[in-house]
Amino acid sequence: MEKVENIRWNEEFLACIIRAEVSFEQNRFLTPPEYNFQVGFIVHPADSAIAPHAHSSVEQRVDRIFEVLLVRKGRCEVDIYNRDRERVATRELCEGDLIIIVEGGHGFRMLEDTVFLEIKQGPYTGADQKRPY
């Protein structure tokens, strides 16, 4: 099993799975640099610091909703679909695994009681607003 797996359909980047045991010695972004939602690992040595700062406002057009899910507890399977609604991949996610969903569709089956930490552009519209795939 790969520690970092990019799931693609043809040239389209659909998702990235980062296994719990992965570690990086240097900075590594997992999303392409042209995307308006960046996910990456930033490595800081002991005794370093990040100066207090604020981020400037930047007006952006959101043309796709990215979703980042961290499995905090449990185990599940995720199905990844392309834009044509064809299942491209099925992977098991375990505690500590992270998935970045960029394009296409997705669905989950819980194999155990599962808790996700979910990060995405808001506002959250609720489960009733999700489009069936």
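Begin by selecting isoleucine 100 in this predicted model. Leaving aside residues up to four places away in sequence, Ile100 touches Leu14, Ala15, Cys16, Ile18, Leu30, Thr31, Val39, Glu67 and Val68. Display these side chains together with Ile100.

Next, turn to the nonpolar core. Which residues have the most contacts inside the largest nonpolar core? They are Val4, Cys16, Ile18, Leu30, Val68, Ile100 and Val102, in a core of 15 residues. Now colour strand S2 (12–18) and strand S8 (98–101), the elements that give two or more residues to this core. Strand S2 supplies the largest share, three residues. Apart from this core lies another, of 13 residues; select Ile7, Leu14, Leu93 and Ile99, which are among them.

How many helices and strands does the protein have? There are zero helices and ten strands, so the pattern read along the sequence is β-β-β-β-β-β-β-β-β-β. Of the contacts with a separation of 6 or more, 61% join residues 24 or more positions apart.

Finally, switch to a surface view. The accessible surface of the protein comes to about 9,300 Å², and carbon and sulfur atoms account for 47% of that area. Of the 133 residues in the protein, 31% are buried. To end the tour, colour the charges: the protein has 17 positive and 23 negative ones, and their mean positions are 3 Å apart.

Conventions. Residues are numbered from 1 along each chain as its sequence is written. This is a predicted model: local features need pLDDT of at least 70, side-chain atom pairs count only at pLDDT 80 or more; totals for chains, interfaces and linings use all residues. Side-chain values use heavy atoms; hydrogens and water are left out. Helices (H or I, at least four residues) and strands (E, at least two) are DSSP runs, numbered from the N terminus. Buried means under 20% relative accessible area, exposed over 50%, partly exposed in between (1.4 Å probe, protein chains only). Contact means heavy atoms within 4.5 Å. Accessible areas come from the Shrake-Rupley method with a 1.4 Å probe; for residues, only the protein chains shown count as cover. Lys and Arg count as positive and Asp and Glu as negative; His and the chain ends are not counted. The place of a charge is taken as NZ of Lys, CZ of Arg, CG of Asp or CD of Glu. A nonpolar core is a set of buried Ala, Val, Leu, Ile, Met, Phe, Trp, Tyr and Cys residues joined through side-chain atoms within 4.5 Å.
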